[in-house]
Amino acid sequence: MNAAQDNLVRAESHREFTVIESPRVEDGAALWRIARDSEVLDLNSSYSYLLWCRDFATTSLVARGPDGEPVAFVTGYTRPDRPDSLVVWQIAVDREHRGRGLAGALLDALTARVTAELGIRRLETTVTPGNTASDRLFTAFAARRGAQVERTVLFGGELFPPGAGHEPELLYRIGPLDR
């Protein structure tokens, strides 16, 4: 069993979800709620989550609970200037489903899909210095694949609106994704 399958088995053993699949437009409100309730993600407009579910469904996934409602999601897109790179925009898990490997299972499932279907060889994401959960998630993801992690400052805190108090966004470049 590989690391992705192991993560999926751990997540399934907790009955966190029944299926992982592409989001549908009608999932947009649930994704917005999960992001809002995370208390760590920058919350986008509810409209943007509807668009995300429509326009970026190929590079995004949701995990559904037994009732069919989303309990977690990962959103991403391919970089226009680097079509072999997947940018993971957001990943979030409902509070009652955290700590069971679901975020890792979603990340592994999405990466498996986009490497096979789109030829993705690298993953990029941003993490703020205070977000240790995301740092652990992406560092563990890279370790499972034997991939390198390169960290640089993408957007310094001074680039955000005055008074926003936004931490810098650190760019994590992970690859190659050969495994």
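**Close-up 1. R33 and D37 within helix 2.** In this predicted model, R33 and D37 both belong to helix 2 (residues 28-38) and stand four residues apart, about one turn of the helix; helices (H or I, at least four residues) and strands (E, at least two) are DSSP runs numbered from the N terminus. R33 forms a salt bridge with D37, with 3.6 Å between the closest N and O atoms; the term denotes a side-chain nitrogen of Lys or Arg within 4 Å of a carboxyl oxygen of Asp or Glu. R33 is partly exposed at 28% relative accessibility, and D37 is likewise partly exposed at 24% (buried, under 20% relative accessible area; exposed, over 50%; partly exposed, in between; 1.4 Å probe, protein chains only). Residues are numbered from 1 along each chain as its sequence is written.

**Close-up 2. R33 and D94.** R33 also forms a salt bridge with D94, the closest N and O atoms being 3.0 Å apart. D94 lies in the loop between strand 4 (82-93) and helix 4 (102-118), so its pairing with R33 of helix 2 ties together parts 61 residues apart in sequence. D94 is buried, with a relative accessible area of 8%.

**Close-up 3. D108 and R144.** A salt bridge joins D108 to R144, with closest N and O atoms 2.8 Å apart. D108 in helix 4 and R144 in helix 5 (residues 132-145) are 36 residues apart. D108 is buried at 2% relative accessibility, whereas R144 is partly exposed at 25%.

How values were computed
Predicted model: local features only at pLDDT ≥ 70, side-chain atom pairs only at ≥ 80, totals over all residues. Heavy atoms only, no water.
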